[in-house]
Every structure is written in structure tokens, then in C-alpha cells.
Amino acid sequence: MFHLRTCAAKLRPLTASQTVKTFSQNRPAAARTLGQIRCFTAPVAAEPFLSGTSSNYVEEMYYAWLENPKSVHKSWDIFFRNTNAGALPGTAYQSPLPLSPGSLSAVAQAQPLVDAQPNVDKLVEDHLAVQSLIRAYQIRGHHVAQLDPLGILDADLDSSVPADIISSTDKLGFYGLDESDLDKVFHLPTTTFIGGQESALPLREIIRRLEMAYCRHIGVEFMFINDLEQCQWIRQKFETPGVMQFTSEEKRTLLARLVRSTRFEDFLQRKWSSEKRFGLEGCEVLIPALKTIIDKSSENGVDYVIMGMPHRGRLNVLANVIRKELEQIFCQFDSKLEAADEGSGDVKYHLGMYHRRINRVTDRNITLSLVANPSHLEAADPVVMGKTKAEQFYCGDTEGKKVMSILLHGDAAFAGQGIVYETFHLSDLPSYTTHGTVHVVVNNQIGFTTDPRMARSSPYPTDVARVVNAPIFHVNSDDPEAVMYVCKVAAEWRSTFHKDVVVDLVCYRRNGHNEMDEPMFTQPLMYKQIRKQKPVLQKYAELLVSQGVVNQPEYEEEISKYDKICEEAFTRSKDEKILHIKHWLDSPWPGFFTLDGQPRSMTCPSTGLTEDILAHIGNVASSVPVENFTIHGGEDATDLWRCWATSVDFSPAWGRPRGGGQGLSRILKTRGELVKNRTVDWALAEYMAFGSLLKEGIHIRLSGQDVERGTFSHRHHVLHDQNVDKKTCIPMNHLWPNQAPYTVCNSSLSEYGVLGFELGFAMASPNALVLWEAQFGDFHNTAQCIIDQFICPGQAKWVRQNGIVLLLPHGMEGMGPEHSSARPERFLQMCNDDPDVLPNLEEANFDINQLYDCNWVVVNCSTPGNFFHVLRRQILLPFRKPLIIFTPKSLLRHPEARTSFDEMLSGTHFQRVIPEDGLAAQNPENVKRLLFCTGKVYYDLTRERKARGMAEQVAITRIEQLSPFPFDLLLREVQKYPNAELGWCQEEHKNQGYYDYVKPRLRTTINRAKPVWYAGRDPAAAPATGNKKTHLTELQRLLDTAFDLDAFKNFS
């Protein structure tokens, strides 16, 4: 059969245009490989008997010859032997001798022509050389593509030509060929489509077609992709002769889009020449490029496109892609207009937009959303991904056929910002994939003032995309038709394979970093060339006029028509008196607010539940709700405990946890006992908050590192069958018949990217509880950009509410400077309330109004019940605010950190402050000291107070909600203990934690009538000591200070 396939491959004319599917499914691997050995100097038809209809007959003859050479005519025997030996077409066949008395002896004497054949080894080498040459262009042709519109810099920063690319005839020697081989005809392998309908081409034509496909204005990087079908798809798109053809109508549409893109920037420059706008000059082709991607995607069924981009060209995209009203854009340049909405607003080139309109090319509705972003380049990438994932989730788009994302990048940021890499690595994870993003890089070939040769180590700024097998299409932006073709292919790729793809628009920046910047300081040669460069609109218009597609009057009329549109919008903009930031909202929530964007009420119902609901959720949480599922039995509890202690990077100071080091079945049994006793621990409280919201139709998504089990092995929301790989059970999804879905997903080891993703997910709908949990609280600092630029000021800058929840494990457990502090001081410092102003405590719904006015909510709960309430309150509020929760570690299993069902029943609420309820509260006049604290240290204080017998002398009040500050409740506490001195106690160091936030607000609460003393650790650079003994010494010292009634006498 091996020889049969070889011969059949040689005999049957094969076309290079076979489809990928046919190639991969029907063509044996060896057939084409050995069939490539022959080097034809004559067409296949030189064999007089060989044609498409006779090849099957020849193949049958070959079968018979293989079994018995004597079973066929002697002439067939000679032919098959010659063919197998590598004879050229026209020489393998010998005509049968005439039938005559002497013919039989002549036939018997006939010999194969093998001895007369040329050097077979040379034929094999030449054919393999041509195959290698084709592959070289596919792999490295982009290195010599003419990508730079300025013609002064190689896009890959390397001016040398790869040795295996034929830039001159002397380079043929690399393959063992020479100039005399250029007119020889070679059979084409199935790994190329340059032949079109032809299966063989002269070497000269092969090289010419490869250069046309890979070395002109498009450079294609794809040969690193390890999927044959995808590689073949790309080859066919770029190699097939004549694929890049445009109709006259398509060319006129492209010209009109270029006119709008170019003239918009010209108009802004004329009207506001001294204003920063980060214009698109030098890459005007971006607008038609984006519109082409959207058109093609709409044609393929997409009806919602979510976009993210930096500031360069943003106003142009808003005007000509999103279709923002021009007068609203022009208003942003008027420095005299006041903002009508709450918040501080943002500069015009950071704002977003949401718009639904008809796509004129496909005549289908399409929704476009451009996400607002800060100046931190690429920070919006994961936010766009998260929003896209959410929109896909809510409309049931499990394959990304209806909702997609487009991300725009700058070349320097795409190469330099690590968040790009983090976002790429989310692209194919089951709980994070958006089924393909189209990335468009506006490659200015400069970053602010930095030369790309100083800005990256990789050849291209796009090389990061190779890690996820995303094809990269480099294109010269001064060739608009090439750009449009590449964008069509990119949209088709995303629609076909649902994977990321990158379009690298190699362009230039006509001005400096902004319109006020002088680029000649640092790039004199580049900008001398730019000054001479014709704008792409002028170039393309001249081309179309020369082709007769349009004439000069038509072109000029198109320009004057758009100029008139801009002038009329400018006139209307003068009538505007107020800037409405809400008109720029990128994620509206229809129906959640009133028509004017206000909450529908300023009250919050009880966050408690009925006993039946609590019991039902508790019973499911302590069981396995599916059959034939084997959970961890815990036969070796000691080993599990050892694994748990090491996995969280410390051995807890509170000793061996109850249930934590035992089998899962024992953990569930312990949960069941808690439910029978009408009590919850931290894990059960979370379970009941989540489960009850699911019953109410609220989708819940919990994401982060190891959240399925929980860093501290307390959660166990995903059960794993001990006998079947990948068989899991999520009991939370088995609570109610018509409940909302619960998504819990372990993330990649990323904070910046994943937190940004979850923020974007939370943007899409107010009717979802989206939580991100840090593995340890201090890990949030690698996501600080998302916290500082989006979560903290998002509403103030962009009038965009967001209800994301951050769970940050925090507590001084004696395990070193890492994993101890979630840095609460940073979150409190960014709260927007005034420490020196006492609000109106008599205001109706004071607590809700406080929440509405704040930029985020910061809590540190000391009981599971309060944790339960604050999670439910997050959804039951009539508006959305980010919620920062400092969650415990030791309290997860602390025997005193329990809450009775009674504190979670209907009518109960979240307690912003938990007052003293012991002996001190019964005789408040006798109390000498009132200690305020928050979180875990409360349990250290109560233990020490009990040991010292000071329950009547010292009262301890817990501040559960730190921001907004509970002025009203704390004033009541201070007034209750008239003879007590006030102290703040914390386990954190004095320059960290809560002290600097709480002290001035407490002083304002009491009108500075008393000092607020400090009991805690001394100031320090590190969050905690690395020495266990020092930790215990510091803890005892702060406890001594807290309960020494004479400690502050010398400071009075």
C-alpha cells in the first residue's frame, strides 16, 4: 500500500486548492509527502494515457502489479518500474510494440529506462528544497514585508533579510538551487494555496506569488500555531491568488470612511488648536478598520460589541464608530460649561459610551459600548473582557456568537504592560473565556518619546500574543485596502475559531504625544519624514481617481458634506449650557434607577431570613445532593491537616482547626451539627447569604485563587469525586428548583487581570453579586491599579456605579510580614468623607444616605452573622457601591465566632456597630475605659479582660462598618459611658491599620471633648514581625496598655 500511495500520488493530478477539511480527513499523510519528490519539466498530461478519468483504472492496474508484476502487460510492468524509480513524465511510458511474429521476443527484451533517468537524488533534493522555500516564506516572510509607511524603520527592528528568503538569485544556493532552476516546474505541496487551480508552477512564479502573499504590505505570523486546520485556513486566506479584490462600491465606502476619519481630526484642529485631544493623525485608517471588523462580525451574527481603547483616537472612535452626537463631543471642549451630574468627571478622551443603532452594511441592529478608562494604558483590557463575559452569560451566549469584544492598544503599551499578558492568559480559561477577542494595535512605532528599539526586547510589539496561539496580521496602514482585507480576515477568524487574533496597524503619529508636544526634540529624522508624508486619504483618493472609481468632484463633495455636518453640530453645541456626564455612560442599567438616574427608594429592607430558609440552606450545605458521588472520607486526617497548614503558608497560631484537618465527610457532618444547634460559623454564614440570594434570582459569581475550596479549607463549594477525574458537584446549584445560577471559579494566579475582569463582570448588571477574593489580603497590592483607578473613583469620574465585593483575608497571626495585613489604611485613606465635619445625625435614613454618598463601603466583621447581613445588604440596597470586606483567618474556626439563627431571622439587619452587652453595659457609670476596636482583636481583648476580672471597668465596642463612619451610633456609645476615657485598640502597627482614620472622626463625634488614646503596636515599616516570640510580646504589650487604667495618665 505504501508504494501504491506513492504511485497514485504521482499519477493523479492534485490541486493545491483542496479544502482544509478534505486535506485533514481524506488525504493520507504519506501520500503528499512522497508525491512531492518529483520535479516536473513537462506537464502531467505528457503521459498520453493519463487523465482524470483514467487514473482510477491505472490505480487498479497498479494494485495488480504490486501483487504480481506478471499479471499485467509487459509495458505496464516497465511503466510502473520507471515511475517508482523517479522517471519524468513522458519518459516512463513506452508504447507497446506492434503484434508481429517477432514482437514477443522484442517485448521480452524490453528494459526499463531507469538507467537513462536523471539523478534521482537530485530530484528529491530539489523538490524538498522548494517545499522548504515555501515554508520559509510562511514562517519568516513577514520580516521583509513592506510595513512601515514612512519607509525608515523595519517593523521587526531588524534590517537584515533572513537567509532563507530569496531576495536575490544568489540566495537560491541556500537551497541547493541556482538560476537555471527558476523556469523548472515544481509540483506544489498541499501546505500552500499559491497555485490556485494549478497544481504545479515554475520556481520563478512560486517565489513571485510567495512574495505577493507574505512580503508586500501584509506580514502574517501564524506558523507557531500548533493546529493544522487553523494554519491551513490562514494560508488559504492570504495565499490564494486574487483574494484581495474589492468592488467599486466597497472602495467608495472605504474612501467615505477615510474622509470622515480625517476631516473630523482636521475640524478639531481648526477649532481647538491649543487643546489636547490625542488625535488620530497618522492612523486615520483605524476608523474604517474598526467599522470593517464590526460589519463583518455583524454579518456573522454578532449584535453586541464591547470595546476598550487608550486615549489616542478615542474622540474619533466615539464620533465615527460609536456614533456619539458630535455636539456632545464638541461641548467637552467648552471650558465654561458646568457638569450637571454628581462626581468630579473626567477628561473627554477618557469617557465611554453606549449606543444601539442599525448597521448600515448588514441592516441589522448592533449595540456598541466603549468602556471608559484611565490613563493607565491597558488597564481597561480585563475590564472589557469581564463585561463581555457577563453580557454573554446573561443572554445565554455560550459560544460567543452574539457578543464579542474589540481591544485597541498602543505599540509601546502592548509590549510593555504586564496586564496584557495576564489578560491573554484568561482568554481560554472556561470561566473567563469570551470566545475570542479582536486586538487592534495602533503601532505608532514610538512610545511617547521612546524609540521602540529602547522599549522592547521582542522583534514586534505584538509578540506577547504568540503565547496563546493568536495569529498576528501586520499591515501597512498607508494601504487602506490591505488593512480592510486583514480586518475582514480577523473578524472571520474570530467567528470561525472563537480565538483571539491581533491586527498590527503599522502607522505613525503625525503630531507629538499630544497636540502640544514637540516630537522633533527626540525623533528628528522620523518627524522630518512625517512632515513630507502625504496623508493616507490623499493617497487613496488619488488612487481611486486614477482607477476611475471616483472622480475629483465626487471626492470633494464627500469632503464638503462631512465638513458641513461638523459645522452644524458645532453651532448646535453652542446652545448647550450644561455638560451631562451621564450621556457618556458605558454600562446603563435599564429599569434599576428612575428615568433621571436616581434610586427608586432610600431605604433597605431587613436582611434576615425565615428559619425554614436558613435550615434548608444549612442542610444542603452539609450534604452531597447528588447520587453515586464519593467525597473525601478523611481516613488520614493527620496528612490532610499537614497539607492544609503548608498550603496556606503558615501554621495557624490558634491551633488545629475543628474539622479543617479532617475528611470532607467530617466537615459536612460538623456543619450539620451546627445547623441542628441553630448556629452558623463563617463558612455557613456565607453559604446562607449566597443561597438566599440565589433563591431571589440574584446570580452570584465568586472568583479568585483557590476560592472553590477556600485558601483556608473552610469553604468547599465544589466537591470532587474521589474516584472519577473531573467529576464535581456544586451543592449551591441544587438549592431551589428555579434558582439563579452560582458560579464559583478558581482563577489563574493573577490579581490585576482577574480583579479587573470581575469588575467588568459586575458592570454589566446590578442584579448580580460579584465577589473577588484575594488568596491573602496583601495580594491585592498587585491589583492596585484596578482599585485606585476604577473601583475607588469610578462613580465620581464616570457616573458608573458598581457593586463588586472584595474579600481580603486579614489578621496578625504571628506568621510574618507577608499574609498578615490587607492594608486597611490604604482603603480608608481613599474614602471620600470629611473627618472634621459631623453630618446631620437627625436626617431621615441617615445610614442609607451615608452609603449613597460614599465612594465605597469598608467593613471588618467580627461575627459570621454580620458577615451574612452585609453580603445580603449589598444586593438589597437601592443602589450599588463597591464593598471592601476584611475577612478573618483564625475566626473561621474560632469557637466563639459563632452566630445564632436568632440574629439572622426576619427583621434583623447588619450592625454597623456592636455595642458592649456585658456587665459594663449594665452599670455604665462605673466604666473607667471605653475601648473601640474592629475585627479579630475583639476576641483577644475579651479574653484578656476576663482573665483580669475587669468586665465592669472596661467596655468594648466593635466598629463593624468603618466607612461610612457610624457617627450616630458611636456618639450614642460615648454618651452612655460619661466617666470613661476613650481608647482605640488595634493589632496593626500605629502607622497602619485604622487608627489614623478612626481617631479624627471619633474626635469630631464628641466635638473634641476628650482625647482618644491608642493601644496597639508601635509604628513600623513592615506590616508584621517575622519572629513568633516578638509577635507574642507585642500582642501582650498592647493588651497591657489597653487594660492598664493608668497607662495614659502621664499624657493628659
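Trainee: How many helices and strands are there in the protein?

Mentor: The predicted model has 36 helices and 28 strands. Of its 1052 residues, 59% count as buried.

Trainee: What share of the contacts with a separation of 6 or more comes from residues 24 or more positions apart?

Mentor: Such residues account for 80% of those contacts in the protein.

Trainee: Where does K237 lie, and what is it in contact with?

Mentor: K237 lies in helix α9, which spans residues 228-239. Leaving aside neighbours within four places in sequence, K237 is in contact with V243, Y485, V489 and E492.

Trainee: Why is K237 called partly exposed?

Mentor: The relative accessibility of K237 is 24%. Buried requires a value under 20% and exposed a value over 50%. The value for K237 falls in between, and therefore K237 counts as partly exposed.

Trainee: What makes the packing of α14 and α26 oblique?

Mentor: Helix α14 (residues 380-394) and helix α26 (residues 752-764) pack at an angle of about 45°, with their axes 6 Å apart. The crossing of the two helices is right-handed.

Trainee: Which residues make the contact between α14 and α26?

Mentor: On α14, the contributors include P382, V383, M385, K387 and F393. On α26, they include Y752, G753, F757, L759 and M763. By class, the contact has 12 nonpolar, 4 polar and 3 charged residues.

Trainee: How do you know that C933 is in no disulfide?

Mentor: A disulfide is a covalent bond between the sulfur atoms of two cysteines. A search of the whole structure finds 0 disulfides. For C933, the nearest cysteine sulfur is that of C985, 6.7 Å away. The cut-off for a disulfide is 2.5 Å, and therefore C933 is in no disulfide.

Trainee: Why are C933 and C231 called buried?

Mentor: The relative accessible area of C933 is 0%, and the relative accessibility of C231 is 5%. Both values are under 20%, so each of these cysteines counts as buried.

Trainee: What is the phi of V799, and is V799 buried or exposed?

Mentor: Phi of V799 is near 50°, a positive value in a residue other than glycine. V799 lies in the loop between α28 (794-798) and β19 (805-809). The relative accessibility of V799 is 10%, which is under 20%, so V799 counts as buried.

Trainee: Which residues are joined by a cis peptide bond, with omega of about 0°?

Mentor: That bond joins S963 and P964. P964 is placed in the loop between β26 (961-963) and α34 (967-976).

Key: Residues are numbered from 1 along each chain as its sequence is written. This is a predicted model: local features need pLDDT of at least 70, side-chain atom pairs count only at pLDDT 80 or more; totals for chains, interfaces and linings use all residues. Side-chain values use heavy atoms; hydrogens and water are left out. Buried means under 20% relative accessible area, exposed over 50%, partly exposed in between (1.4 Å probe, protein chains only). Axes are lines fitted to C-alpha atoms, for helices over the stretch in contact, and angles run from 0 to 180 degrees between N-to-C directions. Helices (H or I, at least four residues) and strands (E, at least two) are DSSP runs, numbered from the N terminus. A crossing is left-handed if the near helix is turned anticlockwise from the far one by less than a right angle, and right-handed if clockwise. Contact means heavy atoms within 4.5 Å. Ala, Val, Leu, Ile, Met, Phe, Trp, Tyr, Cys and Pro count as nonpolar, Asp, Glu, Lys and Arg as charged, and the others, Gly among them, as polar.
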